[in-house]
Amino acid sequence: MHVYIDIMARTVSALLAFLLIARFLGKQTVSNMTFHDFVSGITMGAIAANFAFNEKIPIMHFVTCLIIFTIISFVFSWMSLKSHRARKWISGTPTVVIDQGKIMEENMKTIKYTLDSLTQSLREKDIFNLEEVEYAILEPNGKISVKKKPEYQNVTRKDLNLPFPPTSAFPIELIMDGQIMEKNLKENGIKREWLVNQIHGNGKNITDVFYAVKASNGRLVFDYYQDHLSSPIDQE
C-alpha cells in the first residue's frame, strides 16, 4: 500500500512541477512545436515518467534535474529573443516548398518533407489544386503558410469598393459555467445590476444561465442550462 501512495505522490508532484515550469517559461514553449519545443517536450515527459515510477530515483535528484532543465530552457528562450542566429539554430528556419507555382523538390528532400505531407497540408487549408498556389512555406513549427495566385485569392470589401462596417469590439464573456465573471464586468464598466435586469427581461434567473457573452456587435447572447430542444442529439 505504501508503494502505491508513493507512486501517487511522485506522479502528482511531477505534474505540478512541470505545470509550474510551463507557466514560468511562457506560452511560447507550448504554442509552437519548434525543434527546441519538441526536444523540451520529450525531455519533460521522460523526467516525469522516471520520477513517477522509478522508486530508486531520490527526490533531490529529480529536483536537481528539474532545476537544470528549467535553466537550460530559459537560456535557450532568452538566446532566441536576443540573437537571430541563435534563434535559427534553436528553433529552425522556414523552408520554401512552392515558389512561383513550382514545387521545390530539392528543398523538400533536404527537410525530409514528402509530397503526401505537402498535399495534406494544402488540403487542410482548403486547397485541393496545386495550381492555385503561388508560394508555400513550411514554418519551423511544422505548419504551412500559403499565398494563392491572384486569380484564386478571395475577394475583399476593398476590392469591391464596399463600405466598411464600424470597428467591432472584442466579445466580453459575462457568465461562464453559471458563474458571473466579476472581473470582466469591472474591467469593462458593466454593472452587475444591468446584467441581472437583462436576464430577468428574458424571463430567466441567473441560475438558469450557463453562458452569456456580450458579442462584438453589442448584443447579449445567452445559453441556458435547459435549452428545451425538441430532439437533442446527445440524449441518452
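Two strands count as paired if DSSP finds at least two bridges between them, with strands taken as DSSP runs of E of at least two residues and helices as runs of H or I of at least four, numbered from the N terminus. The model here is a predicted one, so to speak of local features takes a pLDDT of at least 70 and side-chain atom pairs count only at 80 or more, while totals for chains, interfaces and linings use all residues. Residues are numbered from 1 along each chain as its sequence is written, and side-chain values use heavy atoms, with hydrogens and water left out.

On those terms, four strands make up an open sheet in the order β2-β1-β3-β4, with antiparallel pairing. The edges go to β2 (102–103) and β4 (144–148); each has a single partner strand, so one side of each has no neighbour in the sheet. Further in, β1 (residues 95–99) pairs with β3 (residues 133–138) in the antiparallel sense over four bridges, and Asp99 has Tyr135 in β3 as its bridge partner. Lying across β1, β2, β3 and β4 is helix α7 (residues 115–124), which runs at about 65 degrees to β4. Axes here are lines fitted to C-alpha atoms, for helices over the stretch in contact (heavy atoms within 4.5 Å), and angles run from 0 to 180 degrees between N-to-C directions.

Then there is the packing. A nonpolar core is a set of buried Ala, Val, Leu, Ile, Met, Phe, Trp, Tyr and Cys residues joined through side-chain atoms within 4.5 Å; buried means under 20% relative accessible area, exposed over 50%, and partly exposed in between (1.4 Å probe, protein chains only). The largest such core has 13 residues, and Leu174, Ile175, Leu195, Val209 and Phe222 have the most contacts inside it. At least two of its residues come from each of β5 (172–176), α9 (192–201), β7 (209–214) and β8 (220–224). Leaving aside residues up to four places away in sequence, Phe222 touches Leu195, Gln198, Ile199, Asn202, Val209, Tyr211 and Ala212. A second, separate core has 11 residues, among them Met108, Tyr113, Leu118 and Ala136.

Asn161, in the loop between β4 and β5, has a positive phi of about 55 degrees and is exposed, with a relative accessible area of 69%. Asp177 also has a positive phi of about 55 degrees; this residue sits in the loop between β5 and β6 (179–180) and is partly exposed at 49%.
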